[in-house]
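Open your viewer, get the selection tool ready, and let us walk through this model together.

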Amino acid sequence: MRFWALFKRDVLVSWRKKSNIYQPLVFQLLIVTMFPLGLGAGAQTLAKVAPAVVWILALLSTLITLENIFKDDYEDGSLDLYVLSGMNLYLATLSKASAHWVTTGIPVILFAPVIAVLMHLPEHTYGVLLLSLLLATPIFSLLGTVGSALIMNIRNGGMLLSVLVMPLLAPVLIFGAGAVLETSLGNSARGHLMLLLGCTVLSLTLAPLAAAAAIKINLE
Amino acid sequence: MTTALLQINDAQCQRAGDLLFAPVNLAIDKSELAVIAGPNGSGKTTLLEAVAGLSTLSSGQRLYQQSADINLWLQHSHYLGHKLGNKGNLSCQENLEFVAHINETTVNQQQIASVLNSAGLAGYQHQYASDLSAGQKKRLALSRLLLLNKTFWLLDEPFVNLDHAGCDWLYQVIAAHITRGGVVILTAHDQKKIHQLAHHHITLVAAIEEHSA
């Protein structure tokens with residue numbers, strides 16, 4: 001019940017504050033239009049880098065939304081409300097991450113084909129692209145809760161959050177973009193996707209622990 | 001040995017490594033009010049946060065029903081600090097519903113309406129919290145107390161931002177809560193009336209410097 005109460009509230013807050021949802025998408029669209037300008041508009045030139053570009057854009061556009069997962073709640077005091085309700089912080093973090101995934105992760109997944117078309121990504125890789133993002137976007141949200149919990153009481157903590165979270169996201173990028181790349185070359189993406197799934201499970205179990213600990217440290 | 005409902009023994013808090021105040025002791029029972037006083041920066045908020053369970057005491061302990069169990073304490077206490085905890089883009093009703101659900105209490109619309117009514121926010125049920133004035137935001141936060149039905153209220157400067165009518169209302173709410181067997185611990189500056197009602201007065205004094213110049 002508590003899990004759903006927090007989840008419902010977060011989704012509603014994000015839904016009302018529309019910028020949370022469309023900001024990552026506008027960011028992706030703006031940057032992807034730069035690639036033909038910088039690289040030359042040849043479809044083959046673009047297709048070669050497309051798996052990496054689509055993936056990096058999904059990653060970076062999510063990164064800019066992570067800071068506020070806990071920071072907003074810390075600043076307006078509603079963090080105190082659920083910490084002092086006696087709610088398990090592991091559960092609270094899972095709830096926050098789920099709400100972030102629903103309001104940021106899902107739009108990013110749904111928008112990926114648009115970016116892929118603009119980058120001339122080969123059509124037969126779309127399935128793997130969507131699958132890889134489906135596995136990876138929860139990792140973004142989960143690691144985001146850890147980063148956001150660590151920097152919630154720092155004024156300009158966005159940069160610090162990026163520095164903290166990026167190295168952890170590097171393997172995710174390698175396996176995710178790798179899966180799409182292998183598919184585009186006609187190879188099997190199975191290995192990459194399995195490793196990605198491993199990362200998802202790992203962050204699902206460990207990230208909430210780290211985030212809960214970070215919240216406690218910051219409230220001291 | 002005393003067996004007060006809540007005992008705070010030799011409590012001390014730190015800020016940036018420095019002890020803020022000399023050890024505080026309090027033994028408070030049902031139907032009692034404690035007022036914490038002290039100049040700005042003396043650590044009133046820090047003490048109240050630590051007692052609430054948001055942070056930890058750097059030394060000393062909080063015993064509720066003779067037990068240091070934090071979960072038991074959290075079930076029966078509600079803390080309202082400077083940061084009010086309202087979400088600006090949720091309506092008053094949605095804010096209260098969230099607080100109720102997160103505390104595993106079920107509420108219906110009528111309860112929320114009547115609570116808002118008594119807080120002087122009648123008709124604001126569907127208004128966004130960000131559209132309220134500072135005093136009204138405070139009233140919204142205070143109305144949580146009426147909704148949650150907890151024994152212990154820990155209030156940090158509850159009278160700040162309230163108009164005269166609001167102060168009178170809050171005074172009555174606190175008095176009624178105490179009559180019902182509740183316990184209130186609050187910090188306040190120059191609220192004579194509340195000081196007269198108080199059973200315990202705590203004045204924070206600076207901790208003695210160990211190394212004097």
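Predicted model: local features only at pLDDT ≥ 70, side-chain atom pairs only at ≥ 80, totals over all residues.

Residues are numbered from 1 along each chain as its sequence is written, chains are lettered from A and ligands numbered from 1 in the order in which they are written, and side-chain values use heavy atoms, with hydrogens and water left out.

**Stop one: the cores.** Select A:Trp55 and B:Leu47, the residues with the most contacts inside the largest nonpolar core, which has 100 residues. Such a core is a set of buried Ala, Val, Leu, Ile, Met, Phe, Trp, Tyr and Cys residues joined through side-chain atoms within 4.5 Å; buried means under 20% relative accessible area (1.4 Å probe, protein chains only). Next, colour H8 of chain A (residues 126–151), the helix that gives the most to this core, with 13 residues. Helices here are DSSP runs (H or I, at least four residues), numbered from the N terminus.

**Stop two: a helix pair.** Show H5 (residues 68–76) and H7 (residues 89–118) of chain A: they pack at about 115°, with axes 10 Å apart. Axes are lines fitted to C-alpha atoms over the stretch in contact, and angles run from 0 to 180 degrees between N-to-C directions. A:Ile69, A:Phe70 and A:Asp73 of H5(A) meet A:Thr93, A:Lys96 and A:His100 of H7(A), contact being heavy atoms within 4.5 Å.

**Last stop.** Just after H5(A), click A:Gly77, which takes a positive phi of about 90°. Within H5(A), the buried residues include A:Lys71 and A:Tyr74.

Terms used. Buried < 20%, exposed > 50% of the residue type's maximum accessible area, 1.4 Å probe, protein only. Helix = DSSP H or I, 4+ residues; strand = E, 2+ residues; numbered from the N terminus.
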